[in-house]
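I opened this structure to look up two things. My notes follow in the order I took them.

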Amino acid sequence: MAVTADQILDALRSVEDPDLHRDIVTLNFVKDVEIDGGKVSFKVELTTPACPMKDLLHDQAKEAVLALDGVDAVDIEMTAQVRSRSTENEDLIPGVKQAVAIASGKGGVGKSTLTVNLAIALAQQGAKVGLLDADVYGPSIPMMMGCPDERPMTRNSKIMPIERHGIKLMSLGFLITDGQAVLWRGPMVAGTVKQLLADVDWGELDYLLIDLPPGTGDAPMSVAQLVPLTGVVIVTTPHSVAANIAGKAAALFTRLNSPILGVAENMAKFVCPGCGEESKIFAGTTGEELAESLGAPFIGSIPLDPAVGESADRGEPSITAHPERPQAGAFHAMAGSLASQISIKAAESSEPKPVA
Ligand SMILES: Nc1ncnc2c1ncn2[C@@H]1O[C@H](COP(=O)(O)OP(=O)(O)OP(=O)(O)O)[C@@H](O)[C@H]1O
Ligand SMILES: [Mg+2]
């Protein structure tokens, strides 16, 4: 007797998404079940194309359905649909499903480097990605993406982002002439950040990554107040002082209602280019320790690699310039963890709230 769609769905209830702690049928991931004699096909629609569990879920779903009587072939198409932030009131960036800010306490810990490489890693997995350089004091994204001389066009009174490596970019660096010092105070910073969000034609994006200046000044405050963020990534290096002020930045965002999506560690280890051995460089608070103290997930560690700085200086992100080196693998793994944490937050915020 031929298998039924109900039997297939029942079998798939045994497959659980390890991040969301629910089975893939309850999560509504299973679509378009088709049965043709002993051949079964369906789609599994995940909440991010960068899901690190994609292959595992595929294999488990296949195994579960193949075990049913009357099934001899299973064809699964793995797709993804990023869920949207919950936005109340009017939103400055309505086409952006998830907005994530990259913050730190201390300067120079690698926020911009991480933002660029994570954005590319997400885009390489098929996500639609934008990158906003909200460092209005010292915009570095145009240099790092190799397009410092680009000038954006306007269309229908909106500024068109610059596209590089499949990512839509916007930075004050594209709008000011070289060397113009930016010495603004509060209201001007907030106004500029608002323009970079609202007056730019971002279109439909799965993820907008927002690179912040360090600390808890006007730009980070404005970003958190102007748009409902999915959350914030805190970047730290293992100096105690970096972790200490990273904690202060985290506290600001929590107070402004932006959850900490994860702690990212940078430059904690050096991988010897000759033998591949890892050595620790500093003895301060690690990213994992900071994550634990903040009650936030740890989303990975990027090794110190001279190739990262060298490629950034000539305008080529290291993930594309040196895909063979450990830093590239670390960026891909971190992008997967970040995407998982975003999916978890999106699932939590769409859960029905108890009626008061
Ligand atoms: N993993 C790494 N290995 C080697 N060099 C790195 C690494 N990460 C960052 N760098 C280098 O460290 C310097 C600071 O990085 P970056 O500009 O990304 O930091 P930032 O936190 O954005 O700084 P700021 O606070 O000034 O915005 C850059 O020269 C960058 O190339
Ligand atoms: Mg920076």
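Before the strands, I noted a rule: two strands pair if DSSP finds at least two bridges between them. I also kept in mind that this is a predicted model.

**Entry 1: a strand and its partners**

I began with strand S12, residues 205-211. Is S12 mostly covered or mostly exposed? I found it mostly covered, with seven of its seven residues buried. Buried here means under 20% relative accessible area.

Next I looked up its pairing. Strand S7, residues 129-133, runs parallel to S12 and pairs with it over five bridges. In that pairing I picked out Leu131, whose bridge partner in S12 is Leu209. Strand S6, residues 96-103, also pairs with S12 in the parallel sense, over six bridges. There I saw Ala99 opposite Leu208 of S12.

**Entry 2: the ligand**

I then turned to ligand 1. Which residues are closest to ligand 1? I listed Gly108, Lys111, Ser112, Thr113 and Asn266, out of 18 residues that surround the ligand. By class, I noted eight nonpolar, seven polar and three charged residues in this shell.

I checked some polar contacts to oxygen atoms of ligand 1. From Val109, a backbone N or O atom lies 3.1 Å from one. For Lys111, a side-chain N or O atom is 2.7 Å from a ligand oxygen. For Thr113, a polar side-chain atom lies 2.5 Å from a ligand oxygen.

On its own, ligand 1 has 630 Å² of accessible area, and the protein covers 76% of that. Last, I recorded the elements that give two or more residues to the shell: helix H3 (111-124), strand S14 (260-271), strand S16 (298-304) and helix H9 (306-313).

Definitions and conventions
Residues numbered from 1 in each chain as written. Chains lettered and ligands numbered in written order. Predicted model: local features only at pLDDT ≥ 70, side-chain atom pairs only at ≥ 80, totals over all residues. Heavy atoms only, no water. Near = heavy atom within 4 Å. Polar contact = N/O pair within 3.5 Å; in protein donor to acceptor, adjacent residues only side chain to side chain. Areas by Shrake-Rupley, 256 points an atom, 1.4 Å probe, with all protein chains shown as cover. Helix = DSSP H or I, 4+ residues; strand = E, 2+ residues; numbered from the N terminus. Nonpolar A, V, L, I, M, F, W, Y, C, P; charged D, E, K, R; others polar. Buried < 20%, exposed > 50% of the residue type's maximum accessible area, 1.4 Å probe, protein only.
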